[in-house]
Amino acid sequence: MNMKVTFLLAVGATALTNLPVQPVQAQFGSEPTELELIQLNDDMYVISNVAVPGLVTVLVTDDGVLLVDDKFEIDHDNIMAMVRSVTDQPVKYVINTHYHGDHSGGNAKLQALNAVAVASDQARVRMVAANQPGRPDLTFPDSASIYIGGKTVELHRVNPAHTDGDVVVLFPDYDVLASGDIFANGPGTSAQLVDRNGGGSAKSWPSAVEQALELEFETVVPGHGLISTRADLEAYLERTIRFREVLNELVSQGRSRAEIEQVVRADFAWEDFHVTMALDGLIEEFE
Ligand SMILES: [Zn+2]
C-alpha cells in the first residue's frame, strides 16, 4: 500500500511545508494518492494527500466518526486505514462541502459502511445531474447541525463561489472551520477555480468568504493546501475582492481572452488546468 502515516503534534503550515516534494500523481483519481495524517487537536485530524493537497477533516468521538469530504473512491481504503489508525469507532457521517468527485467520490463506499452522507440541496442536485454515485442521504437548504458524541458540528451553505452548493463546516467546540473549496491556500492550490457550469461565481465569491468569516474559529482547514488561520482567510477575502475588480475592469475594457489569461496566470496563480476549466466561464460572467 502506497501510504505513510505521520503524526504531527505541532499544527500548522510549517508542518506541511516541511514535507518532501512528491511527484504529482493521481491528481484526478485514477490511482490512490499518498496520504498524510495530521493531528489538529485532541479529537480532530486532517488527512492530506501529499502530492496535490486535498484535505479530509476527521472528528473522532466516543459515538462515532464524522468526516468532511472523502476524496475519490479510489482513496477510500487508504482514508479508512488512516481513520483506523486512530480509532475503532464507525464512520457515522460524511459531509460533502460540494459535489465535485474529489470531495464526494468516497460516498458510496462509506454509505456501504452505514455512514450517512450529508450535503446541501444544491450539491445533491448537481450530483444527480452529473450522474455521480453515492448521492447524499440527507440535504438541507441553508444550515444544519449534527450532534455526535456530545460535540456539535454546524453546516452553513454560503453564497455561490466555487459552486452554487458550497458548504462550510464549523466545529465550535474546537474553533475549527472546514471551508471546502471556497478557500485554498498554499503552493499550486491558491487559484480561485470558478466552476461556472456548477453554478460558481467570481462575483459573489467574496460574499461567501465574508459569510464564513461571520463564524467564530481560529483554524481553517481549506479544501486544498495548508492548514491555515483565520488571518489567512481574511487575506484571501481581499484577494477574491481584487480578483473580481480586475476581472470586471479587463472585461469592461474589452480585453482579449489571451490578455485576460495572461493576467490571471501572472497575478492570480492560474495554471493550465484552471485556464482550460474555467477561463471562458469567468469571462462570460463579467460580460
Ligand atoms: Zn471542487
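1. Of the 287 residues in the chain, 45% are buried, a residue being buried if 20 or more other C-beta atoms, placed from the backbone, lie within 10 Å of its own. This is a predicted model, in which local features need pLDDT of at least 70 and side-chain atom pairs count only at pLDDT 80 or more, while totals for chains, interfaces and linings use all residues. Residues are numbered from 1 along each chain as its sequence is written.

2. The secondary structure comprises nine helices and 13 strands, taken as DSSP runs (H or I, at least four residues, for helices; E, at least two, for strands) and numbered from the N terminus.

3. Six strands form an open sheet of mixed pairing, in the order S8-S9-S10-S11-S12-S13, where two strands pair if DSSP finds at least two bridges between them. Strands S8 (143–148) and S13 (228–229) stand at the edges with a single partner strand each, so one side of each is left without a neighbour in the sheet. S8 pairs with strand S9 (residues 151–157) in the antiparallel sense over six bridges, and Tyr 147 stands opposite Thr 152 in S9.

Conventions
A residue is buried if 20 or more other C-beta atoms lie within 10 Å of its own, exposed if 12 or fewer, and partly exposed in between; C-beta atoms are placed from the backbone.
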